[in-house]
Amino acid sequence: MTTPSGAQDPLALLRTEIDDVDAQVMDLLARRLQLVSQVGEVKGRHGLPIYDPERERAMIAAKRERAAERGLPPDLVEDVLRRCMREAYTHEKNMGFTRQAPDLGPVVVVGGGGRMGALWGRMFALSGYAVRVVERGDTPEQVAEALEGAGMVLVSVPIHDTVQVVRDLPALPADCLLVDLTSTKRAVMEAMMSAHDGPVLGLHPMFGPDVDSFAKQVVAAVPGRDAAASTWLLQQIRLWGARVHEVDADEHDHAMGLIQALRHFSTFAYGWHLAHEDRNLDTLLALSSPIYRLELIMVGRLFAQDAELYFDIITGSSDALELIERYHERYSTAIELLRTGDREAFVRQFGEVEQWFGEHADRFLGESKALLAHADASRA
C-alpha cells in the first residue's frame, strides 16, 4: 500500500520527530545502565542480592500510578521497565559479588567445560573464588591435583553419568562440600552420601545454561549432610539473585516427574504427532492465533536441543514411567468422552480441573495475556 503523495511531507516531519525522541530514549537508557553499574558495585561491596523483590514491586506500583496520572498506559510503562530491569540484572551480575566464604579452598567443577558447569564456574569466579575444572579424559594425577585442598566439589555432568562420576571421585578433604546439579535427586544423593563422609548438598537449577543472570531463577536445594557447612553456598546463590527452595529428595523427584518428565514427554509426543501429520509448518504459523503460535514455539524449542538430554530427564526418575502411564490412561478416558459424545461428563471433568486450579486460573489468565501480547508483537 502506497502513501498518498500529499501525506508524505507531514509524515516525514513526524517521523523525524519520532526518531529524535527515540534517540533521547536511547541516551536515557545508556544513562540508566551507567547508574545500574554503580548500583551493582555498591551491592557487590555490601553483600546485597542483585534482585530485591520488595523494591521491584514498590517501584513498578509507583511507576504505574505515575503513568496513569500522566495519561500513559500503565501496562506500557510496566513492560518497558521490566525489560530495563532484565537488562539491569544481567549488567549488575558482571560487577561481581561479595564472597560469602572468604576462607574456602578452591571450587572444583567436575564437568566445568560443559555449558551448565561453565555457567556456575563463571558465577563463582565473579564472586572471587578460585575455580578449577575437571573434565572427562583428565588423568588420575590431574584430577588429584585439582582436588587438592578443595573447599567444594560441584558435579555437573550428564544425568546418566552423575552417579558413576560421584562414585569414581577420589577421597575428598574431610571438610570439602560435595554438591551436584542433577535434575533427579534420590540416586545421586545416595551416591554422594556414600562416597563422601563430609558435608553434602544436592542442587537442581530450574533453568538452562543460556540464562543471562540468576535473577528471579529458582534453585532447588536438597539437604544431605551437615547443613551448616552449606549455608554460605545457599546465601551466595541468593546474592546472585536466585530463590532457593529447600525440598527433600523424594518430594523433589515426584515434583520433577510432573514439571519435567511428563511435560517433556507430552511435548515430544505432540511434536512427533505433528511431524507425522506432515502439514506445512509455515501454513500452520500463518494461520495460528497468538496462543497457538506460542505453543508451537515451546514445542519447537524442545527439538532445537539435545535429544539424549531430554531422554535422560524423562527417564531419570524411577517413578516417571508410572506417572506417564497414568497420564496415558487419563488421556484415553478423555478421548472416550469425545468418542461417545458425553458433553455432560466433559463439562464435569472440566469443572473438577477448574476447581483444582482455583484462584490461580484467573491469575494465569491475566499473566497469559501479557505473554500473548508479547508473542503477537514479535510476530514477523
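Predicted model: local features only at pLDDT ≥ 70, side-chain atom pairs only at ≥ 80, totals over all residues.
I then checked where D253 sits: D253 lies in helix 9. Is D253 buried or exposed? Its relative accessible area is 4%. Buried means under 20%, so D253 counts as buried.

Next I stayed with helix 9, which covers residues 249–277, and looked at helix 11, residues 290–302. Their axes come within 9 Å and cross at roughly 100°. Angles of 65 to 115 degrees count as roughly perpendicular, so helix 9 and helix 11 are roughly perpendicular to each other. I wrote down which residues make the contact. Helix 9 brings H264, T267, F268, Y270, G271 and L274. Helix 11 brings Y292, L296, M298, V299 and L302.

Which residues make the nonpolar surface patch? I noted L338, F346, V347 and F350, and the patch has an area of about 440 Å². Helix 14, residues 343–357, gives the largest share of the patch, with three residues.

I picked out one of the patch residues, F346, which lies in helix 14. The relative accessible area of F346 is 41%. Buried is under 20% and exposed is over 50%, with partly exposed in between, so F346 is partly exposed.

Key: Residues numbered from 1 in each chain as written. Heavy atoms only, no water. Patch = residues over 30% accessible without salt bridge, like charges linked within 9 Å, V, L, I, M, F, W, Y side chains within 5 Å. Areas by Shrake-Rupley, 256 points an atom, 1.4 Å probe, with all protein chains shown as cover. Salt bridge = Lys/Arg side-chain N within 4 Å of Asp/Glu carboxyl O. Helix = DSSP H or I, 4+ residues; strand = E, 2+ residues; numbered from the N terminus. Buried < 20%, exposed > 50% of the residue type's maximum accessible area, 1.4 Å probe, protein only. Axes fitted to C-alpha atoms, helices over the stretch in contact; angles between N-to-C directions. Parallel < 35°, antiparallel > 145°, perpendicular 65-115°, else oblique. Contact = heavy atoms within 4.5 Å.
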